[in-house]
Amino acid sequence: MRENELWNVTYYIAVIFMLFIILFPIYAMVKQSLVYESETYKRTLFPESITLENYLNLAREVSQAGSVGAVGFHIFIRNSFIISISVTLITLFISTFGGYSLARLNFRGKDICSLIVVISYLMPAVVLMVPLYILIVSINLQNSFEGIILALLSRSVPFCTWFMVGYFKAIPKELEEVAMIDGASRITALFRIILPLSLPSLVVNMIFSFTLAWNDFIYSFMLIDKTQLLPLSVAMYRLINGEFVPWSTLMAGGVIASLVPVTLFLIIQKYIIAGLTAGAVKG
Amino acid sequence: MKLKTRETLTAYSLLIPTFLIIFFVNFYPLFRVFYLSFFKKIVGSEEVFIGFKNYISLFASDIFWKVVTATVIFILSAVPLKMLLGIGLALILNKPSKLRPILRNIIILPWALPVYVSAYVWVWLYNPSLGLLNKITETLGLGHYYWLQDYPMLGIVIVNVWQTVPFVALAILAGLQSIKQELYEAAAIDGAATFQIFKYVTLPSLKQTLYILTALQILWTFGEFVTIWILTAGGPGYATKTLPIYIYEKTFISQDLGMAATLSVIALPIFLMIVIYVIRSLRG
């Protein structure tokens, strides 16, 4: 009995300590985004007064604090959306078909193809940094959305294809076989039977590639230097490296940049871990 | 026979878009980086074949070994810390309680934030004159620190661990929850103490999950660029100049593409070994 109580107390202390460490930086960001810039110097742990000024700053066309080279934050948000949505749609289309082929059809070279997909997924972005940069410069796509989208496909396509392979393998084969006995071709079976069934996993697939593109820093940082084309990640980098850092505005930008991926992650929470580790890699 | 040919054709045509992309943006660049490592190539000038000279001058340079040391220190301090804290967190979360669903959603937050956002937040927290960390240490009477100047490696390790522990913990939790309840019951009947249950039931069942996670974490920690670049940009001096940071500097600051390619190639064997290990353990 006493051992049990001791465990309970330890458990609650551990939970509180853990929650503090995890939440403090996030709380600090949200708090800072809601206070006037002048409070930065007072290093307040709790806000003295609350304002939406910083968020409004971000939405203004030209403002002192919330702009990078006279371009307002709404442009950067728009850029991030354009890039992420394009990557998502292209990846969804490509990886669904590729994943289906690798999961369901038998053909020569299938094992090698699967291996190539996994290796590409696991390859650290940094190994490809130099050659991708050279490639994109050589086809004149630096400082363009097309260039950055192409670079991001090197991350999203292998990963989402592999995710779809794992998913399609789990659907019973009989479903298409019945349709094909009735004379439907494989493609018809795929469109009429498998895809409607796979809607949830297609949503997860879209969320994966969207957040992957939204969270990118490396490729945008090396491929884009025109201010009007910057996504949020690198625009914020410019703010932080200025002479005067508008911390409150920067934190408001951080909150805005986090809202989208955090919402999406909470929706698909239970699929994430399986998707990133073993679930998607049932060889 | 005819049916089989048709099936093969369908298979290939469905795969074509995937492989066009993978070859164009993954494999071609990989071959290119290998090729370039044998050339002297500065941005704006011609490629000159120099054989193994890039490799030789790299191995002979002090800076390269400093970079390797920083990379190894970073991996060896961050990965074990993530795994230990991850196991701890997972055990806390595994205890059935009403709070569990809420806790899971809160815990995932640091990992759900874009890496660059949490890096910016920590740059501010670490700031010696404006940051809240010094405010806390001063209030508690622990003094005033120049965090990223005095303890740069510790600084980036803390942020990297903070960002990735949620993922590790939730992956281990998934492993914990797949352990059969009967095993625990049997151990309890045999009169095993809490620690003994952990040692003889929990750990062995988790072995596979832990190995794969460790391998993946080594891979991802090794490739970490964003956090380090935003927090310290590799400094001060060579203290946090890991391989990815050095590759970036060679590419965009020295514009020495041949050398940058050589550095990327050197990373490849280590990377491939880990990948092969991960693939094998997932299959076996």
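Of the 283 residues of chain A, 59% count as buried, where buried means under 20% relative accessible area, exposed means over 50%, and partly exposed lies in between (1.4 Å probe, protein chains only). This is a predicted model, in which local features need pLDDT of at least 70 and side-chain atom pairs count only at pLDDT 80 or more, while totals for chains, interfaces and linings use all residues. Residues are numbered from 1 along each chain as its sequence is written, chains are lettered from A and ligands numbered from 1 in the order in which they are written, and side-chain values use heavy atoms, with hydrogens and water left out.

**Chain A as a whole**

- Chain A holds 14 helices and 2 strands; helices (H or I, at least four residues) and strands (E, at least two) are DSSP runs, numbered from the N terminus.
- The C-alpha trace of chain A spans about 75 × 70 × 35 Å along its principal axes.
- Among contacts in chain A with a separation of 6 or more, 69% come from residues 24 or more positions apart; contact here means heavy atoms within 4.5 Å.

**Two helices that meet in chain A**

- Helix 4 (residues 73–104) and helix 12 (residues 232–240) of chain A have axes that come within 8 Å and cross at roughly 145°. Axes are lines fitted to C-alpha atoms, for helices over the stretch in contact, and angles run from 0 to 180 degrees between N-to-C directions.
- From helix 4 of chain A, Phe73(A), Phe76(A), Ile77(A) and Ser80(A) meet Leu232(A), Ala235(A), Met236(A) and Leu239(A) of helix 12.
- By class, this contact of helix 4 with helix 12 has 7 nonpolar, 1 polar and no charged residues. Ala, Val, Leu, Ile, Met, Phe, Trp, Tyr, Cys and Pro count as nonpolar, Asp, Glu, Lys and Arg as charged, and the others, Gly among them, as polar.

**Where chain B meets chain A**

- In this interface, 90 residues of chain B are in contact with 94 residues of chain A.
- About 8500 Å² is buried between the two chains, and carbon and sulfur atoms give 80% of it. Buried area is the accessible area (1.4 Å probe) that two parts lose on being put together, summed over both.
- Tyr116(B), Tyr120(B) and Trp124(B) supply 8% of the area that chain B buries against chain A, more than any other three residues.
- Helix 1 (residues 2–36) of chain B gives the most to the side of chain B that touches chain A, with 24 residues.
- That side of chain B has 68 nonpolar, 14 polar and 8 charged residues.

- Thr18(B) lies in helix 1 of chain B and is buried, with a relative accessible area of 0%. Leaving aside neighbours within four places in sequence, Thr18(B) is in contact with Ile94(A), Gly98(A), Val157(A) and Thr161(A).
- Val79(B) sits in helix 3 (residues 62–94) of chain B and counts as buried at 4% relative accessibility. With neighbours within four places in sequence left aside, Val79(B) is in contact with Thr214(B), Gln217(B), Ile218(B) and Thr221(B).

**Positive phi values in chain B**

- Most residues other than glycine have a negative phi.
- Ala233(B) is not a glycine, yet has a positive phi of about 50°. Ala233(B) lies in the loop between helix 12 (226–231) and helix 13 (243–252) of chain B.
- Gln255(B) has a positive phi near 55° and is partly exposed, with a relative accessible area of 34%.
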